[in-house]
Amino acid sequence: MSLRVGVTGAEGRMGREILQAAADRDVDVAFAVNRSPGDTRVAGVEVEDAADFEELVGERDVDVVVDFTGPESSVRYAAACAATDVPIVVGTTGFDEADVSSLREAGEAVPILLGANFSRGVQALLDAVESAVGNLPSYDVEVTETHHNQKRDAPSGTAKVILDRIVETRDDEETEYVHGREGDQPREAGEIGVHARRAGDVTGEHEVLLAGNHEVLELTHRAGDRGVFAAGALDAAAWAANADAGFYRFEEVASEL
Ligand SMILES: NC(=O)C1=CN([C@@H]2O[C@H](COP(=O)(O)OP(=O)(O)OC[C@H]3O[C@@H](n4cnc5c(N)ncnc54)[C@H](OP(=O)(O)O)[C@@H]3O)[C@@H](O)[C@H]2O)C=CC1
Ligand SMILES: O=C(O)C1=N[C@H](C(=O)O)C[C@H](O)C1
């Protein structure tokens with residue numbers, strides 16, 4: 001039987017990609033919602049009002065919800081999923097610690113799968129970063145991300161996951177993030193520079209630069225199309241639909257998909 005998904009943020013950049021990818025791979029759409037639904041259909045699917053999410057997720061036959069919206073709504077949708085026993089894959093970024101605690105709490109009732117980047121290439125980038133940082137412990141590290149001019153959160157969710165991986169690998173309590181630099185600000189030991197650029201319609205780029213000992217290593221991922229995120233999110237949805245309740249991160253389960 002084919003997977004039945006509920007889609008939030010259906011008229012957003014990612015919501016549209018998810019609905020198109022669902023149509024392309026014969027995934028059924030139980031419902032699609034947007035905060036301010038327009039009159040048009042997206043990939044042949046009628047878009048309903050996100051105000052009715054709690055009713056729709058309880059009443060429609062849905063295996064898993066796929067959510068790319070904003071932190072407030074994702075927390076609300078995850079709580080409604082927990083109350084109705086429906087797993088949810090969350091692609092939204094920009095959460096604060098309280099939001100993540102709320103998502104974890106929802107994970108006590110249903111599978112909650114959080115992924116800041118559903119591309120396969122970024123999962124490989126994380127492994128490459130771990131290897132490079134582990135092998136070059138004394139090198140300076142700078143992380144730069146570039147996105148389209150409509151992106152709200154900075155640094156990107158992916159950059160934060162990359163930073164977490166660097167810090168876990170270094171295991172150095174002195175590490176401090178420096179977001180951009182200005183004025184008289186020489187580099188301190190233990191610093192990791194973090195740079196967020198916003199321009200045009202760039203889909204998403206992440207670069208990790210390691211420099212020391214008269215050499216430079218650059219590890220870069222560029223997404224050419226949002227379809228890579230949608231494909232990974234639907235793979236994750238198929239996994240989450242059959243998982244046990246719990247709070248999962250995409251980078252922990254990606255190799256199983
Ligand atoms: N994990 C991954 O692989 C990826 C993650 N993302 C993340 O997904 C999220 C959405 O990105 P994108 O599609 O580009 O954004 P868009 O702004 O294009 O779309 C977001 C959609 O969700 C709705 N929405 C936004 N914020 C809220 C909110 N607070 N409450 C309710 N509805 C909301 C909007 O509806 P309305 O227009 O009515 O407000 C809109 O339709 C971002 O956090 C982004 O960083 C993006 C790409 C890949
Ligand atoms: O907002 C985006 O567009 C993207 N957001 C994600 C993030 O914040 O890391 C993933 C991707 O880079 C595109």
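Visitor: How much of the protein chain is made up of buried residues?
Guide: This is a predicted model, in which local features need pLDDT of at least 70, side-chain atom pairs count only at pLDDT 80 or more, and totals for chains, interfaces and linings use all residues. Buried means under 20% relative accessible area, exposed over 50%, and partly exposed in between, with a 1.4 Å probe and protein chains only. Of the 257 residues in the protein chain, the buried share is 49%.

Visitor: Which radius of gyration does the protein chain have?
Guide: The radius is taken over C-alpha atoms, and the globule rule is 2.2 Å times the number of residues to the power 0.38. For 257 residues a compact globule would come near 18 Å, which agrees with the value of the protein chain, 19 Å.

Visitor: How many helices and strands are there in the protein chain?
Guide: Helices (H or I, at least four residues) and strands (E, at least two) are DSSP runs, numbered from the N terminus. Residues are numbered from 1 along each chain as its sequence is written, chains are lettered from A and ligands numbered from 1 in the order in which they are written, and side-chain values use heavy atoms, with hydrogens and water left out. The secondary structure of the protein chain comes to eight helices and 12 strands.

Visitor: What span should helix α6 have, at 1.5 Å a residue?
Guide: The expected span of a helix is 1.5 Å times one less than its number of residues. Helix α6 covers residues 157-170, which makes 14 residues.

Visitor: What covers the buried residues of α6?
Guide: The buried residues of α6 include V161, I162, L163 and I166. Contact means heavy atoms within 4.5 Å. The cover of these buried residues includes α5 (120-135), β7 (140-147), β8 (176-179), β9 (191-198), β10 (205-212) and α8 (250-253).

Visitor: Is Q123 buried or exposed?
Guide: Q123 lies in helix α5. Leaving out residues up to four places away in sequence, Q123 touches N117, F250, E251 and A254. Its relative accessible area is 12%, so Q123 is buried.

Visitor: What do the buried residues of α3 pack against?
Guide: Helix α3 spans residues 71-84, and its buried residues include V75, Y77 and C81. Those buried residues pack against α2 (53-59), β4 (64-67), β5 (88-90), α4 (97-106) and β6 (111-114).

Visitor: How far apart in space are D140 and F118, C-alpha to C-alpha?
Guide: D140 is found in strand β7, and at 34% relative accessible area D140 is partly exposed. D140 touches R187, L209, L210 and A211, not counting residues up to four places away in sequence. D140 and F118 are 22 residues apart in sequence, and in space the distance is 28 Å.

Visitor: Where is the residue P155 found?
Guide: Most residues other than glycine have a negative phi, and most peptide bonds are trans. The peptide bond from A154 to P155 is cis, with omega near -10°. P155 sits in the loop between β7 and α6.

Visitor: Does H214 count as exposed or buried?
Guide: H214 is not a glycine, although its phi is positive, about 60°. The place of H214 is in the loop between β10 and β11 (215-222). With 85% relative accessibility, H214 counts as exposed.
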